[in-house]
Amino acid sequence: MIQAGEAIPPFISVIYNSPLATHVRESEITFPLLQTFHVLGILLMVGSIAIVDLRILGVVLKERTAAEVGKSLLPVTWVGFIVMFLSGGSLFAAQSGKIYDNIFLQVKLGLLLFAALNVVIFHATTYRSIASWPVEGAPRSAKAAAVLSLVVWAAVVVTGRYIAYY
Amino acid sequence: MLITETPSVFENLFLSLGDTGVGLFLAGSTASFAAVESLHLLGLALLGGAALVTDLTVLRVVFRRADPARIAAALFPLLLIGLSIMVVSGVLLVSAGPLKYWLNPLFGPKLLALLFAVVAQFLLYPIVLKWNVQKSVNLSKVIAAASILIWITVAVIGRWVGLI
């Protein structure tokens, strides 16, 4: 319960008291259902991202080019992202008044921002030349971005799990 | 700690997980338990990602120009690594409180669904190899579709095991 007089930032208060957040919080079934979707979204989004990263690193699917693997799995990643964003956003809204100052939530949001930045920078720079990457291996900058991506997404999953405990 | 009058060897073994050093440690440490849960989720990303992409390739949704048998073979190590991580972390999670899972009505169904999922997924490999035979193509697609549904079932029941 949120205590009267507790200083909640006004925009958190608006989110927390929205009809959607209130419904999710008060429904017996919606909250765990959204959690289930959030778990399934992990395999769609993080699973597909991991396969693309591991291809760039030359670990799996070496027979296919990195360009083909990236292009083929991008729709899976997008579906996963939409599932994660909608389920995660609703779960956050429902609990926002209680967890907005949760340290793991804040670190997770920071990591998500960082992961997004990594994607944007990677696509604006190294990725432009993906069609001409040599068969033997991706350029060093692409491999660095892939390692960063694997580490950051794993950290997003881990910090996400810890939110519930603190 | 035993709950039936004549406990089976399996029940004894299952419940004795809680008396192991690691079981007692995880039962007493929330942070460590959450770390193992996180590992279970990361295993899910690998296993689920590899299984889904394999099945979607067989269904000709992704990697349409590739030979599905080669994609399946290429992703098989990832699938095995993911499955191993999930099984090891899963056993560790159970060891933190085996009685809770023994009594959980969804735990048995989850293990059964897992068995079906593994069988379906592994059945796919020898069949998809005969991709030039139309009968084999059709059978591969049925198994791939079933495999996706069963894996989703495992994940969904898995989430609810922790909720009830």
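Going from the N terminus, the elements of chain B read α-α-α-α-α-α-α. That makes seven helices and zero strands. Please keep in mind that what you are looking at is a predicted model.

Some overall values for chain B. Its C-alpha atoms fill a box of roughly 55 × 35 × 25 Å, taken along the principal axes. Chain B has 164 residues, and 48% of them are buried. If we take the contacts in chain B with a separation of 6 or more, 75% are between residues 24 or more positions apart.

Now the interface. Interface size is often quoted as the accessible area that is lost when the parts come together. Between chain B and chain A the buried area is about 2800 Å², and carbon and sulfur atoms give 77% of that.

There are polar features here as well. Two salt bridges are found across the interface of chain B and chain A. One of them joins the side chains of A:R161 and B:E37, at 3.2 Å from N to O. Between the two chains, eight residue pairs are in polar contact.

Next, the interior. In soluble globular proteins, nonpolar side chains tend to be buried together. The largest nonpolar core in this model has 72 residues, and A:I56 and B:F63 are the ones with the most contacts inside it. Helix α3 of chain A, residues 30–56, contributes the largest share of this core, 13 residues. Leaving aside residues up to four places away in sequence, A:I56 touches A:A66, A:F122, A:W133, A:A138, A:A142, A:K143 and A:A146. Another core lies apart from the largest one; it has 10 residues, including B:V58, B:A69, B:L124 and B:I127.

B:T57 sits in helix α3 of chain B. Is B:T57 buried or exposed? B:T57 counts as buried, because its relative accessibility is 0%. Beyond residues up to four places away in sequence, B:T57 touches B:V62, B:F63, B:P68 and B:I71. B:S16 is 41 residues from B:T57 along the chain, and their C-alpha atoms are separated by 42 Å.

B:V142 belongs to helix α7 of chain B. B:V142 has a relative accessible area of 54%, so it counts as exposed. Between B:V142 and B:L59 there are 83 residues of separation in sequence, with 8.5 Å between their C-alpha atoms in space.

A:S90 is part of helix α4, residues 66–99. The relative accessibility of A:S90 is 12%, and therefore A:S90 counts as buried. Its contacts, not counting residues up to four places away in sequence, are A:L20, A:V24 and A:L34.

That is what I had to show.

Technical notes
Residues are numbered from 1 along each chain as its sequence is written. Chains are lettered from A and ligands numbered from 1 in the order in which they are written. This is a predicted model: local features need pLDDT of at least 70, side-chain atom pairs count only at pLDDT 80 or more; totals for chains, interfaces and linings use all residues. Side-chain values use heavy atoms; hydrogens and water are left out. Buried area is the accessible area (1.4 Å probe) that two parts lose on being put together, summed over both. A salt bridge is a side-chain nitrogen of Lys or Arg within 4 Å of a carboxyl oxygen of Asp or Glu. A polar contact is a pair of N or O atoms within 3.5 Å; within protein, one must be able to donate a hydrogen and the other to accept it, and residues adjacent in sequence count only if both atoms are side-chain atoms. A nonpolar core is a set of buried Ala, Val, Leu, Ile, Met, Phe, Trp, Tyr and Cys residues joined through side-chain atoms within 4.5 Å. Buried means under 20% relative accessible area, exposed over 50%, partly exposed in between (1.4 Å probe, protein chains only). Helices (H or I, at least four residues) and strands (E, at least two) are DSSP runs, numbered from the N terminus. Contact means heavy atoms within 4.5 Å.
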